[in-house]
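Keep the viewer handy as you read.

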Amino acid sequence: MDGIKQQKTIPTVYNMSSSKAISSIWALEELADAGIRYKIVNLPRRGADTYKVLKSHFPLGKSPTVTLEHVGGEAEVTYQIMPNVLTETRLILQFFSDHYTDGVWVPESEDDKRRDTFFQEFAHGSLVTKVDHILTFEVIPTMLFFPMRYLTLLMVLPIRMHFMKDLTVIYQILEDALSEGKPWFSGKKLGLADFNVLFPMDMAVQRGYIQLDKYPKLAEWYNMVHDRPAYKRALEAGEVYDCSTFA
């Protein structure tokens, strides 16, 4: 891959199983063939020490969290709000682009730059929000005892259907944005928008929130991502990734 910078920091991705850290791992695997090195610490979602480990690096204790080891020996550099620590998927991916590449993922045209920025925000502001809403209303009943579990399931069904209807509009926006000339959400080539869209789409597909055959261009994008060698390596590196059960 052309456009790789000399690596000044080595990131360690703290990956809780079945989490959005997959986007960061995939991005780093895309750069690995060009010599970008990284480390990964895999943590079981329900592990006794998982929250403690994540919280030791950032107070929220969420995944992904990335720590940075400076090749040049600098002890502390604050890129966000804590020395040598990155959080928030979109910002982590932007850091990778800024510090490990010379614009490999930067769209070439102004139109694609606007598109890339929009779909980065759309992934986190619209898509993942609606998917999370449905997930929440599915999970709450499972935490209750019989017969409240089934009663609550019936009560939240209309709410779930409402959010599912909202999702169909979101899927159509994603579908309409793709074309032969712009097969990626970043435009003509793979970019940050695509990395950001991945996790909520994986959740939607694996949990049955979308019928991909109704959205052929979106299905083509999804299959194109999953067929990439770097994505397959990311799945192997992360070890456990199951959004249907959140193993």
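## Salt bridges, core and pocket

Asp112 counts as buried, at 3% relative accessibility; buried means under 20% relative accessible area, exposed over 50%, and partly exposed in between (1.4 Å probe, protein chains only). A word on the ground rules: this is a predicted model, where local features need pLDDT of at least 70 and side-chain atom pairs count only at pLDDT 80 or more, while totals for chains, interfaces and linings use all residues. Residues are numbered from 1 along each chain as its sequence is written, and side-chain values use heavy atoms, with hydrogens and water left out.

So what does Asp112 pair with through a salt bridge? The partner is Lys182, and the closest N and O atoms are 2.5 Å apart. A salt bridge here is a side-chain nitrogen of Lys or Arg within 4 Å of a carboxyl oxygen of Asp or Glu. This pair links distant parts of the chain, with Lys182 in the loop between helix 5 (148-177) and helix 6, and Asp112 in helix 4, 70 residues apart. Helices (H or I, at least four residues) and strands (E, at least two) are DSSP runs, numbered from the N terminus. Both residues also belong to a salt-bridge network with Asp111 and Arg114.

The whole structure has 11 salt bridges. Here are three of them:

| Pair | Closest N to O distance |
|---|---|
| Asp49 and Lys52 | 3.8 Å |
| Asp112 and Lys182 | 2.5 Å |

Glu29 is in helix 1 (residues 21-32) and Arg233 in helix 8, so the pair ties together parts that are 204 residues apart in sequence. Glu29 is buried at 10% relative accessible area, whereas Arg233 is partly exposed at 26%. In the other tabulated pair, Asp49 is partly exposed at 46% and Lys52 is exposed at 57%.

Now for the greasy part. In soluble globular proteins, nonpolar side chains tend to be buried together. The largest nonpolar core here has 63 residues, and Phe96, Met201, Leu218 and Trp221 have the most contacts inside it. Such a core is a set of buried Ala, Val, Leu, Ile, Met, Phe, Trp, Tyr and Cys residues joined through side-chain atoms within 4.5 Å. Elements that give two or more residues to this core include strand 3 (65-70) and helix 7 (216-226). Which helix gives the most to this core? That's helix 6, with 9 residues.

Leu218 touches, among others, Tyr171, Phe185 and Met201, leaving out residues up to four places away in sequence; contact means heavy atoms within 4.5 Å. Cys243 sits in the segment after helix 8 (229-238) and is buried, at 0% relative accessible area. Beyond its neighbours within four places in sequence, Cys243 is in contact with Phe199, Asp202, Met203, Gln206 and Arg207. The C-alpha atoms of Cys243 and Arg207 are 6.7 Å apart, though the residues are 36 apart along the chain.

Last stop, the largest pocket. The lining has 26 residues, with Met16, Lys20, Lys62, Ser63 and Pro64 nearest the centre. Helix 2 (50-57), helix 3 (89-100), helix 4 (110-142) and helix 6 (192-206) each supply at least two residues of the lining.

Key: 1 Å grid on protein atoms, 1.4 Å probe; cavity = no way out; pocket = protein on both sides within 12 Å on 5 of 7 lines; lining within 4 Å.
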